[in-house]
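Let us walk through this structure step by step. Keep the sequence and the 3D view side by side as you read.

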Number of protein chains: 4
Amino acid sequence: MNRSRISPPLVLVNFKCYLEATGNKAVQLAKYAEQASAKLGVIVAVAPQTADLRLVSQQTKAPVFAQHVDPIKPGSHTGHVLAESVLDAGASGILINHSERRLEAGIIEDTITRARDLNLATVVCASTAGIAAAVASLGPDMIAVEPPELIGSGVAVSKAKPEIVTDTVSRIRKINSEVVILCGAGITSGEDVREALRLGTQGVLVASGIVKAKNQLAAIEDLAGACRRVGK
Amino acid sequence: MNRSRISPPLVLVNFKCYLEATGNKAVQLAKYAEQASAKLGVIVAVAPQTADLRLVSQQTKAPVFAQHVDPIKPGSHTGHVLAESVLDAGASGILINHSERRLEAGIIEDTITRARDLNLATVVCASTAGIAAAVASLGPDMIAVEPPELIGSGVAVSKAKPEIVTDTVSRIRKINSEVVILCGAGITSGEDVREALRLGTQGVLVASGIVKAKNQLAAIEDLAGACRRVGK
Amino acid sequence: MNRSRISPPLVLVNFKCYLEATGNKAVQLAKYAEQASAKLGVIVAVAPQTADLRLVSQQTKAPVFAQHVDPIKPGSHTGHVLAESVLDAGASGILINHSERRLEAGIIEDTITRARDLNLATVVCASTAGIAAAVASLGPDMIAVEPPELIGSGVAVSKAKPEIVTDTVSRIRKINSEVVILCGAGITSGEDVREALRLGTQGVLVASGIVKAKNQLAAIEDLAGACRRVGK
Amino acid sequence: MNRSRISPPLVLVNFKCYLEATGNKAVQLAKYAEQASAKLGVIVAVAPQTADLRLVSQQTKAPVFAQHVDPIKPGSHTGHVLAESVLDAGASGILINHSERRLEAGIIEDTITRARDLNLATVVCASTAGIAAAVASLGPDMIAVEPPELIGSGVAVSKAKPEIVTDTVSRIRKINSEVVILCGAGITSGEDVREALRLGTQGVLVASGIVKAKNQLAAIEDLAGACRRVGK
């Protein structure tokens, strides 16, 4: 899927290194994303592990994001992740600076530059309003606000700390009026999503709330449905 | 391919992040490895990028190694490389601590442990005789000796610094009589391989000498043929 | 010296790990800074190695900066640099994110927070206009613009790439009207300084241009004198 | 104090980043070390923070260790710790690879080399028997065995897991008959020390057990006294 077609409202599902979203289970989960997207008219993208990028992109129509890319150019970089390689494997975008994979400031900028050169969409994660404002100056396509203390907690940042979301949106908008703002950390229900979008964000970045759900398809539809109603 | 079947003499081709060995070109190069192996009776394994592991393992019979794995367990580890994931993608083994991806001592040990639990073969790279002796205590399946100043130089360590190879073999053997010893760095010809095996190693780890060769198949056959004659 | 007294125009001399600025030679160089400051009415601060902070701050009146601090709190952090420790040793401020000691974005923010809590002045280094704009959102006291390709080159950024300086100043000012902007990389003469200040910066961060000078005192006076004339 | 004079039995007190062992309190604690050493005839060395090395070495006779050194040579290395600098500040030795400051295998080797060139004693920390055996191949002066799960626990490794100590000693001795072996992690009493020495170690590396003690002098004398009786 072309980078320009990844427009909000958006649900982005981070598969992390969960076994429930590895290999064939990654494909299954991406198919649920595809189904929910077709049904509800909201983009539902997925971020599988690097080794699953091609499998997922070949077997589903869900937009695929890599969870990490190194800002290297092709060459002698054993054990690194090359942007050209994830593009070849079918990725439409990349996650950058997730709180579980933090990067030097200069590396964030260089990775955005490399992604842009290859027309890969970029989502930079930010754990505080200050970091979100900072990365807004680096020109990513999207910023995901993820206070690390809420990741995997089941408590949505939009409900637990609504002022973090509004403050972050406000600080980002003073610097960058174009960037798409996602709300992450603790999102598990459509109600969380509605609250997040009311606070000024344009989509959500979710992980365990979907991956660990007993009914993954229902969980995705709940979030995507909430995106649609608010987004329109 | 089962870990126990990866026995010396062995040629292991590291694809690094070369475009000449990405995506379909990775498959092509692995097919050459498969052909040379069938013709010459020597195992020729390949280490493609993570995003290409499944593609290569599905389309060829060459044993496939990951270039890097993180010693994590399944869970919340965005942007990391899970051993279960590369195994699911068809890997038979992993490279650890390449000079372009150096690791803390404890991480090397933990990665070996994780690989062993999943029956993945391990090749730990060592840039000096001291490091090679040190990692011999950690119980990997193989150690590859790669003085970083010779990597990609076109000058084989077995010729430029034969005493490094013999000293390293001697130091490793005092500690670990089982580990398979590979010679890396600068290997480009069958003559380099023969010299390396005469010095006591049991195979070679190569990269640009194969990947950048005008005739990749001929280059692999040259190395594998030299392995066979000395190995027998 | 109190953080609030470190006001522009400012010359900040980074001693790096040069032997010409280690131990007693660090004291000598700091005394030159003190002399030049007294003579020319411009603040000349010094950033010696951690082990020399106390020696330099006890034997001279030059404001002293640490070259790096970890954003830890007192406790079990063997081998780290505690803000309380450099404060106790006499530091008035700290360098953060020098191109030779790059930090994760979140670490930069946390270090600024820790420094502010202890009333230590902060200088965050930025290698590009984008990084400079980004760190402007994090609220440091000062930003030093240092394109890494010019560090130690003897070619001043203010002359080689004046548009980098003006672009950076412009981008920073849109976000942060208070932060003091220093020009780094390649500054070796008063003329370099004058040009840097004409382009909108308020001081310079220098290293080899002073430390490696045959006549260190004359070199400092040259830079400080240029600061004074432009600053007034 | 000359490196060759730091002979076992030995008590080495790691001050970490504790405020109870920063600045003047570091000096006070080092004076207790000096007193206990003079009274009991056992070497009691101290490892203060980098900024306190000179203060402690000037005001006491206790042998002083740096908590970390980077394996750099003098030059452009802002924010790093130069071996020449800690030597100039009075250090007799250095800690390497503490579990709170883990290093790449190659960095451990390079740091040992740099220390040896400057006649600084080296203590490499190892968190497992495997790592201890590995670093034994790198030729440090001393190895400290510190299972990280026991650090700061108040439970001595020599009592909680005596088989770790004996296994480690055995594995180290097969490779290196010269290296001095210290027992770390959880040591708080003379009884812990006696047990550690009975298991084949030649001294202890301690931190919170001393630094956080209500009576620091008594705590040191307890440990040093136990060393003496067993050591003789």
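Predicted model: local features only at pLDDT ≥ 70, side-chain atom pairs only at ≥ 80, totals over all residues.

Strand β5 of chain B covers residues 121-126, and strand β6 of chain B covers residues 142-145. They run parallel, and four bridges join them. Find B:Cys125: opposite this residue, in β6(B), stands B:Ala144.

Move to chain D. This chain has an open sheet of eight strands, with parallel pairing. Its order reads β2-β1-β8-β7-β6-β5-β4-β3 (chain D). At the edges of this sheet stand β2 (43-47) and β3 (65-66) of chain D. Each of them has a single partner strand, so one side of each is left without a neighbour in the sheet. Strand β1 of chain D, residues 10-14, runs parallel to β2(D), and five bridges join the two. Among the residues involved, D:Val11 has D:Val44 in β2(D) as its bridge partner. Helix α4 of chain D, residues 105-117, packs on the sheet. This helix touches β4 (93-96) and β5 (121-126) of chain D. The direction of α4(D) makes about 180 degrees with that of β4(D).

Now take a helix in chain C. Helix α7 of chain C spans residues 162-175, which makes 14 residues. From its first C-alpha to its last, α7(C) reaches 21 Å, close to the 20 Å expected at 1.5 Å a residue. Which residues of α7(C) are buried? They are C:Ile164, C:Val165, C:Thr168, C:Val169, C:Ile172 and C:Ile175. These residues cover an arc of only 130 degrees around the axis, so they sit on the same side of α7(C). The other side of α7(C) has C:Glu163 and C:Ser170, which are exposed.

Finally, see how the chains meet. Chain A puts 36 residues in contact with 36 residues of chain B. On the side of chain A that touches chain B, the elements giving two or more residues are α2 (53-59) and α3 (83-88) of chain A. Of these, α3(A) gives the most, with four residues. By type, that side of chain A divides into 13 nonpolar, 16 polar and seven charged residues.

Chains D and C also meet. Their contact takes 36 residues from chain D and 36 residues from chain C. On the side of chain D that touches chain C, α2 (53-59) and α3 (83-88) of chain D are the elements that give two or more residues. The largest share, four residues, comes from α3(D). That side of chain D holds 13 nonpolar, 16 polar and seven charged residues.

Other pairs stay apart. Chain B and chain C have no contact, and their closest C-alpha atoms lie 16 Å apart. Chain A and chain D do not touch either, with their nearest C-alpha atoms 16 Å apart.

Definitions and conventions
Residues numbered from 1 in each chain as written. Chains lettered and ligands numbered in written order. Contact = placed C-beta atoms within 7 Å. Nonpolar A, V, L, I, M, F, W, Y, C, P; charged D, E, K, R; others polar. Expected span 1.5 Å × (residues − 1). Buried ≥ 20, exposed ≤ 12 C-beta atoms within 10 Å, placed from the backbone. Arc of directions from axis to C-beta. Pairing = 2+ DSSP bridges. Axes fitted to C-alpha atoms, helices over the stretch in contact; angles between N-to-C directions.
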